[in-house]
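Have a look at the picture first, then read on.

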Amino acid sequence: MLTRFTYTTAMPSQPSSSPLKRFLYENGLSLVTLGLVLLAMVGQIVFGWHEYNDELEQMELAPLALGAYLKSGHFIEATFENWESEFLQMGLYVLLTVWLRQKGSAESKKPYEEDEVDREPQPHKDAPWPVRAGGLWKTLYKNSLSLAFFLLFLASFFLHAYGGMEVYNIEQQHHGEPTVDLWGYMATSRFWFESLQNWQSEFIAILSIVVLSIYLRQKGSPESKPVDMAHQDME
């Protein structure tokens, strides 16, 4: 989530002389999160593989080897169905916080004041190169975060549909029913049920962090206001 608060817990007085320790400290949040993603992905693969082979056995079809499972519609659908909703959530969150306000929320800009993020970017020697280049490059860069999330959402959306189509067609063939192409699968209620049940859970996650951060605190987290700050106040 975006934040406007300064990290205030105890920090080393100066960077470590060890390049490895410094790298781990300065990138700890992304490294730990990446580790959690990989652990969860391994678990998803193992259990999804066994689950899908059970389904294939019930349809009297040959089970898949692990390598084949990683190329299957079942794995592709399960993975990108979830990624799709996450990228949609973050893309919408980034854009909604540009224009909308929530008094007292740690996740909102101040209602009646300009924020640092609202100022027009100025070229200087340390600015990212698109800012220094100006023109179209600067315009794209000014919106690059939301653009990246929505492009990732679209890619995941179609991969979800592609994987779902493969699984759906295998089931259709098993029941002696006609198969569909990608657009045909995207017209089914099954596809939209899969998408919308995930989308609504992401929207409620946004609502939760926006509203709960008005009244609740977590000392040391940049997603929280200072513990002694009044509910209606914002930093």
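The points below go through the model piece by piece.

1. Some ground rules first. This is a predicted model, where local features need pLDDT of at least 70, side-chain atom pairs count only at pLDDT 80 or more, and totals for chains, interfaces and linings use all residues. Residues are numbered from 1 along each chain as its sequence is written, and side-chain values use heavy atoms, with hydrogens and water left out.

2. Let's start inside. In soluble globular proteins, nonpolar side chains tend to be buried together. A nonpolar core here is a set of buried Ala, Val, Leu, Ile, Met, Phe, Trp, Tyr and Cys residues joined through side-chain atoms within 4.5 Å. "Buried" is under 20% relative accessible area, "exposed" is over 50%, and "partly exposed" is in between (1.4 Å probe, protein chains only). The largest nonpolar core has 14 residues, and those touching the most other members are Phe149, Phe153, Phe157, Tyr185, Met186, Phe191 and Trp199.

3. Which elements give two or more residues to this core? They are helix 4 (73–99), helix 7 (144–174), helix 8 (182–186) and helix 9 (189–215). Helix 7 supplies the largest share, 6 residues. The helix numbers come from DSSP runs counted from the N terminus (H or I, at least four residues, for helices; E, at least two, for strands). There is also a second, separate core of 7 residues, with Met41, Met59, Tyr69 and Phe75 among them.

4. You'll find Tyr185 in helix 8, and it is buried, with a relative accessible area of 0%. Contact means heavy atoms within 4.5 Å. Skipping neighbours up to four places away in sequence, Tyr185 touches Glu77, Ala161, Gly164, Met165, Tyr168, Val180, Arg190, Phe191 and Glu194. Now try Val117: from C-alpha to C-alpha, Tyr185 and Val117 are 42 Å apart in space and 68 residues apart in sequence.

5. Next, helix 4 against helix 7. Two packed helices are described by the angle between their axes and the distance between the axes. The axes are lines fitted to C-alpha atoms, for helices over the stretch in contact, and angles run from 0 to 180 degrees between N-to-C directions. For helix 4 and helix 7 the angle is about 155°, with the axes 7 Å apart.

6. What about handedness? Helix 4 passes helix 7 in a left-handed crossing, where left-handed has the near helix turned anticlockwise from the far one by less than a right angle, and right-handed has it turned clockwise. The contact between helix 4 and helix 7 has 18 nonpolar, 8 polar and 4 charged residues. In that count, Ala, Val, Leu, Ile, Met, Phe, Trp, Tyr, Cys and Pro are nonpolar, Asp, Glu, Lys and Arg are charged, and the others, Gly among them, are polar.

7. Helix 4 also meets helix 9. Their axes come within 9 Å and cross at roughly 40°, so this pair is oblique. Helix 4 passes helix 9 in a right-handed crossing. By class, this contact has 8 nonpolar, 6 polar and 6 charged residues. Ser85 sits in helix 4 and is buried, at a relative accessible area of 1%. Leaving out neighbours within four places in sequence, Ser85 is in contact with Asn198, Trp199 and Glu202.

8. Most residues other than glycine have a negative phi, and most peptide bonds are trans. Glu60 is not a glycine, yet it has a positive phi of about 60°. Glu60 lies in the loop between helix 2 (28–58) and helix 3 (66–69). Is Glu60 buried or exposed? With 75% relative accessibility, Glu60 counts as exposed.

How values were computed: Angles under 35 degrees count as roughly parallel, over 145 as roughly antiparallel, 65 to 115 as roughly perpendicular and the rest as oblique.
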